[in-house]
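Have the structure open while you read.

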Amino acid sequence: MPTLVWDYLHEYRDEHDDIIDAVETVFSSGRLVLGRSVSSFEAEFADYHGVSHCVGVDNGTNAIRLALQAMGIGKGDEVITVSNTAAPTVVAIDAVGATPVFVDVDPDTYLMDVEQVEAAITPRTRCLLPVHLYGQCVDMAPLQRFADKHDLLILEDCAQAHGARHHGRVAGSMGTAAAFSFYPTKVLGAYGDGGATITDDPSIDANLRRHRYYGMEKRYYVVETPGHNCRLDEVQAEILRRKLRRLDTYVKNRQAVADRYVEALSDTELVLPTTAEGNTHVYYVYVVRHPRRDDILEALQAYDIQLNISYPWPVHTMTGFAHLGYTEGSLPVTESVAKEIFSLPMYPSLPRETQEKVIDALRSVLAAL
């Protein structure tokens, strides 16, 4: 069986009793939709981030989409973000009728190049959407200055940065609102889909709650504004409550895995992850870089090792976004990075022997190049 980038079964064996108890707690509660587990998780997740409000939704894409809608962003508006991200970031912008505007990324961290942002602002710009990619945060101070100067909103995409910190502040606590995914592979992952949006703004919170529940607020069957059905599942919420208590432990375990990679691979030609000044990296994925990436991945198959690429196709190059008008060379750093990066296995319960197998195979492949 191939060595996998991620395997939840190790975690499930370790946490089996708690996960099963979470399911039983919900099933025996008599309330299976928007019950105590969702409301409790929302309160606990908001408290973890030091904000006032959290609204649980069904997935991370809708966490972004509903946040944009709740902030009043729609047709005719522009949202500045990056192309080096998972496609759902941009899909959500498009879904509300807004136009994504891309800036390039930093060649060392692969995060939004904040020095390019102000030049991209136009009279139609309404929101800055930094993606805290791979497990660390974008430099938020310049973005906040631009937002203040140009009267813009900031929506943090925290799908890959649960528990990450930037100059001591936790990811998600630095913008107008922040969106999270709880897809199973995430640093804080459910056992299925899930998402949440957090904010300190009570009006955004109220809008989010209406949008996730058909547009209803006070009474069932009374739609006050057009909305959706995007509720966080009770079972997933209860599982997430249990796992939230272990989030900091997950982060420490991921950092330990990252430290072992540094110890074993720092003398190779691989470019290892760079942590930006002031950041605490949580290593959602461990992204390395090499100009002969494709040759390396092909050679690793002989060792029965299959690795992922996050991400091989920048969003602006996808046919689904051809209407935006970006051409090859529009974002040179993003395009260059996409040809060279790949991810090594990274999850908190990664067995040491699995990691050592990957390291040994990788060193052999690199030596033979």
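First, some sorting: Ala, Val, Leu, Ile, Met, Phe, Trp, Tyr, Cys and Pro count as nonpolar, Asp, Glu, Lys and Arg as charged, and the others, Gly among them, as polar. This is a predicted model, where local features need pLDDT of at least 70 and side-chain atom pairs count only at pLDDT 80 or more, while totals for chains, interfaces and linings use all residues. Residues are numbered from 1 along each chain as its sequence is written, and side-chain values use heavy atoms, with hydrogens and water left out.

**Pockets**

- A pocket is an open set of points on a 1 Å grid over the protein atoms alone, with protein on both sides within 12 Å along at least five of seven lines; its lining residues have an atom within 4 Å of a point.
- The largest pocket comes in at about 620 Å³, a volume being the space filled by probe spheres set on grid points that are joined across faces, edges and corners.
- That largest pocket is lined by 32 residues, and Tyr183, Thr185, Lys186, Tyr284 and Tyr311 are the closest to its centre.
- Helix H3 (60–70), helix H4 (87–95) and strand S8 (177–181) are the elements that give two or more residues to this lining; helices (H or I, at least four residues) and strands (E, at least two) are DSSP runs, numbered from the N terminus.
- By class, the lining of the largest pocket has 16 nonpolar, twelve polar and four charged residues.
- The second largest pocket holds about 240 Å³, and of its 14 lining residues, Thr109, Val114, Val138, Asp139 and Ala276 lie nearest the centre.
- Its lining splits into six nonpolar, four polar and four charged residues.

**Cavities**

- A cavity is a set of grid points where a 1.4 Å probe fits but cannot get out, and the structure has two of 30 Å³ or more.
- The largest cavity has a volume of about 70 Å³, and its lining residues include Asp108, Thr109, Tyr110 and His281.
- The second largest cavity has about 50 Å³ of space; ten residues line it, with Glu11, Lys186, Val187, Arg254 and Pro348 closest to its centre.
- Five nonpolar, one polar and four charged residues make up the lining of that second largest cavity.

**Glutamate 224**

- You'll find glutamate 224 in the loop between helix H7 (202–211) and helix H8 (234–244).
- Glutamate 224 counts as partly exposed because its relative accessibility is 40%; buried means under 20%, exposed over 50%, and partly exposed in between (1.4 Å probe, protein chains only).
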